[in-house]
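Let's take a friendly walk through a protein fold, one piece at a time. Keep the picture below in view as you read.

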Amino acid sequence: MHKRTLQCGEPIASWDEALPLGNGQMGCLLWGEDRIKFSLDRVDIWDNRPAPETRLKEFTYETMVRCYKEGDKATVDRLFDKIYSYAAPTKLLAGRIELIPSAPITSMRGSLNLETAEAQMTLSTERGETELRVFIHAVSGIGRVRVEGGELSMAIVKPPYGVWDGEGDDGACTCSDRLETLKYPLAKQVTQGNVEGFIQATREEFQYAVLTARRARDLVFTVAVSHDLSYDFTREKEVLLAALEESYGQAFESHKAWWREYYEQSKITLADGAIQWLYDINNYLLACVSRKGSPPMPLQGVFTADDGKLPPWKGDYHNDLNTQMCYLSYLKSNHLQAGESFLDFLTALTPQAKAFSTAFFDAPEGLNLPGVMTLDGKPIGGWPMYSFSITNAAWLCHSFSEYYDYTLGEEFLKTRMYPFMKGVGLCVKRWLAENGGRRLALPNSCSPEIHDNRLEACFAKNTNYDIALCRFLYGRLAEVCEAAGDGESKGMWSGILSRLQPLAVGPKGLKVNEDFDLEESHRHLSHAMAVHPLRLMRYEGENKKIIDRTVERLKELGVYHWTGYTVAWMAELFAIQQNGEAARYYLRSFAENYCTSNGFHVNWDYKNRGLCRWDGRPFTLEGNMIAMDAVQEMLLYCENGELRVFPAIPEQWAKAGASFETLRGKGALLVSSAIEKGRVKHIRLEAEKDITIRVVNAYDGPPGGEFRLKAGDVLELK
């Protein structure tokens, strides 16, 4: 991999433009103007205290359905929506280390090497230059800092929580976005030899520690957690002191080896510098925020906001788009372990999913999870029609289904994918009923986030969002149940599928539901779920016409109500249309208009260019991962037993050259190819499982055809 570096030639004034470092569990943002700030985070630091309303007997799906039918907005808001405005539950920032020069800074420059995940910062003062080298070890998780030049004093700063006096209301149910609203016991300062830091307890059986150890010009740091309030983090202190015995250079070598192996899992090379950088920075961020053995990335991953406020949208797990879209890119990029984090998390939540299915959906045989939830799978609330949508869990099932399609792991199918999908299928089945004919429908329906939080957000007739997810869920269950050892359920799944409504289609393409066309710009392309990501509609025949009309309608309605992730999602739709010019244009727009200097997707028109109605900058990761996946979709199509290389690239790429190595296709197939001067130079297929694949080459170059490969086979087409 050639050297790719994020450069910054001036002080960094905002946390969301910082140099980001992470190992999937711990994150660090390097920024500052008069000092260097290390904003520290850990993915599992949460205040999980539930809103009191979630414990009420009337807090059920049945209540929600009834209230929407009766127009009882007051009860809907009280039970299901307003609880989201409470301060807790929420993701929490860990704290901050600050390194302070002895004289005012006159200039500052920084860089982040994406190859090695090491940051460097150089400070100039009237007394000379000081250089810092920083990384978070990819394996041990210990943060390392090497200081050369001038002296820097150190401060360790805890988040500005309020202080709980041990009595009365703790403020958790106060509607405020300020961290001071969260009242916790006063942090305990740690000063023990070379070790400094603090231990912060929350109002649960949970505490975390920010710890440092320093000697000469070396600083090491970590963030640790414990559910034992009597624990003093002795082991972590010893680990830090032991880390000081290893030189910065020695630790850096093993750290670099992990990153080298990560980048060897796949590679993309483009002559288009802007899209190459977009792909590279998001590929880097994926490794920073998601790692097997740690919880999956919430909205900000391991880069929680450091501005004295709760993180945007409380840094939670949004299952109506965000979590699923965050895990779109890892499969084709062949970074399996990065995405296994999410699936392991969902599997571990099975007991909670069963409890929620029982208590909220009155479906004791089923599984379901809240559309907006905490680290432990508990409901947070929010606009009810999506935060408590019963079909969001079917979209979670799609994540299991995709992993199986890309790996063909039989054991995974039997022990992980099918049991989870079956549980969700039984929960949704509990609420499917005849809608006046033989067709089955849900009692209320939504298309996130159309009509926002108004009563109209509840549609009397089922939406394409719900129809598509149900058709995917029961179609997939019927398809795999025999292979999973549950052949006796095939009739039930097939029977439900046969009675589901068809997708609502009109002259303008896919509709919201049979009575409602999309009539204004909207950020969530939920009505087009069947096109992407569910891929229920192939781009051919009559479906091609429907997809084309759907995309054309989205173009007509414009971008006013879009966010950054919408722009990246549109690039995916253009890739499906094999329109590489449009896909590239939208990806460039995403990078230039909706990302800060460090690549973070900040949702809105923060540069005030008149692109959309919002002009803030709330950072979330799903847009980054959608954009990364869109680049991959432009380079490789592998669906339904058919493979195409470079299916949606602009003419410039075909002429100037593009290549990829070991991208993963469906069917456990690793694919490599290159194109130059409009000619495909080669296609290389490596089979992990037995597969029959039809290769279609639309360019001048090696012929296609149908090929049968056995596990371990390598096929070269030149």
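Two strands pair if DSSP finds at least two bridges between them. Helices (H or I, at least four residues) and strands (E, at least two) are DSSP runs, numbered from the N terminus. What you see is a predicted model, in which local features need pLDDT of at least 70 and side-chain atom pairs count only at pLDDT 80 or more, while totals for chains, interfaces and linings use all residues. Residues are numbered from 1 along each chain as its sequence is written, and side-chain values use heavy atoms, leaving out hydrogens and water.

**An open sheet**

Look for an open sheet built from 5 strands, with antiparallel pairing and the order E2-E3-E4-E7-E12. From one strand to the next, the twist averages 20° (axes are lines fitted to C-alpha atoms, and angles run from 0 to 180 degrees between N-to-C directions). Within this sheet, Pro101 stands opposite Leu152 in E12.

**Pairs of strands**

| Strands | Sense | Bridges |
|---|---|---|
| E7 (95–101) and E12 | antiparallel | 6 bridges |
| E26 (636–639) and E27 (642–645) | antiparallel | 4 bridges |
| E27 and E31 (691–696) | parallel | 3 bridges |

Find Leu643 in E27: Cys638 stands opposite Leu643, and Leu643 also stands opposite Val695 in E31. The hairpin of E26 and E27 has 2 residues between the strands, and Asn640 there takes a positive phi near 55°.

**Helix H1**

Which residues of helix H1 are buried? In H1 (residues 61–70) they are Tyr61, Thr63, Met64, Val65, Cys67 and Tyr68, where buried means under 20% relative accessible area, exposed over 50%, and partly exposed in between (1.4 Å probe, protein chains only). An α-helix has 3.6 residues a turn, so residues three or four places apart point the same way. The buried residues of H1 pack against helix H2 (73–81), helix H9 (384–387) and helix H11 (410–431); contact means heavy atoms within 4.5 Å. Just after H1, Gly71 has a positive phi of about 70°.

**A buried threonine**

Thr374 is in the loop between strand E21 (372–373) and H9. Why does Thr374 count as buried? Because its relative accessibility is 1%. Leaving aside residues up to four places away in sequence, Thr374 touches Trp46, Asn48, Pro89, Tyr317 and Ile380.
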